[in-house]
Amino acid sequence: MKYIFLGTTFLISFCCALYVATLVFPDNPFSGTKPQTTLLDKVQDGDIIFQTSESKQCEAVRIATNSKFSHCGIIFFINDRKFVFEAVQPVKITLLDEWIKHGKENKYVVKRLKNAEKVLTANTLQKMKDYGQQFNGKEYDAYFEWTDNRIYCSELVWKIYKAGAGIELCPLQELKDFNLKDERVQKILKERYGNDIPLTEKVVSPSNLADSNLLKTVIDTY
């Protein structure tokens, strides 16, 4: 009887301790549950992220390119934190969670090189980050010129991959290749260029990158 009492007391004490441990330490290995994962856990260093912005210029970009995407950036891991390197005003690095909140309805798409595990080595990723540093703090290029004086979002992504990884994500286009007939697009063009629209200027749009056959979709919340 004595041993039964001791055994019962021990069992009750152990169960109580285990219950308290699961409350205090939710990731306790004895709890039988796994730590919660999120979509963003799928993200890797060097991924490209797209979203829909809601400014008038971004609306014109969507119309001209027949795409839902009007903004993009590169996801960079820095000191174990996830950021998006983006060309806004000015070019800057933004925490990934904050970047997502800036898009319409917080929706986004993440794409990755199909052979990223072979190409995007630690050395290559560092080259991409080092190259991108020259653009940090530069003005956003509202005129979409193919220069390094100012820069826009998809141009930033394209040039970093080209210079840092030796990859042309997609062919460049000319401004005249886009849908410029819509009156909302015409209005933006008039404000930017007057009557001297640079129709042969080299350009790359977020949709050009998103449609690249070198990329695969990792996350799509649309």
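Tutor: Let's start with helix 2, which is mostly covered, with seven of its 10 residues buried. Buried here means under 20% relative accessible area, exposed means over 50%, and partly exposed is in between, using a 1.4 Å probe and protein chains only. Helices (H or I, at least four residues) and strands (E, at least two) are DSSP runs numbered from the N terminus. This is a predicted model, in which local features need pLDDT of at least 70 and side-chain atom pairs count only at pLDDT 80 or more, while totals for chains, interfaces and linings use all residues. Residues are numbered from 1 along each chain as its sequence is written, and side-chain values use heavy atoms, leaving out hydrogens and water.

The buried residues of helix 2 are Q57, C58, A60, V61, I63, A64 and T65. Their cover includes helix 7 and helix 8 (206-210), where contact means heavy atoms within 4.5 Å.

Helix 2 (residues 56-65) packs against helix 7 (residues 183-193) at an angle of about 120 degrees, and their axes are 9 Å apart. The axes are lines fitted to C-alpha atoms, for helices over the stretch in contact, with angles from 0 to 180 degrees between N-to-C directions. The two helices, helix 2 and helix 7, are therefore oblique to each other; under 35 degrees would count as roughly parallel, over 145 as roughly antiparallel, and 65 to 115 as roughly perpendicular, with the rest oblique. The crossing of helix 2 past helix 7 is left-handed, meaning that the near helix is turned anticlockwise from the far one by less than a right angle. On the helix 2 side, K56, Q57, E59, A60, I63 and A64 take part, and they meet R184, V185, I188 and R192 of helix 7.

Now follow the chain out of helix 2. Just after this helix, N66 takes a positive phi of about 50 degrees, a positive value in a residue other than glycine. N66 sits in the loop between helix 2 and strand 2. With a relative accessible area of 65%, N66 is exposed.

Strand 2 (residues 71-78) runs antiparallel to strand 1 (residues 48-51), joined to it by four bridges, and I74 in strand 2 is the bridge partner of I48. Strand 1 also runs antiparallel to strand 5, through three bridges, with F50 opposite V109 in strand 5. Five of the five residues of strand 5 are buried, so this strand is largely enclosed by the rest of the structure. Five antiparallel bridges pair strand 5 with strand 8, where V109 stands opposite D220.

P90 lies in the loop between strand 3 and strand 4, and a cis peptide bond joins Q89 to P90, with omega about 0 degrees.

The largest nonpolar core has 45 residues, and Y161, L169 and L209 have the most contacts inside it. Helix 6 gives the most to this core, with seven residues. Such a core is a set of buried Ala, Val, Leu, Ile, Met, Phe, Trp, Tyr and Cys residues joined through side-chain atoms within 4.5 Å. Leaving aside neighbours within four places in sequence, the contacts of L209 include F50, C72, V157, W158 and L215.

How values were computed
Two strands pair if DSSP finds at least two bridges between them.
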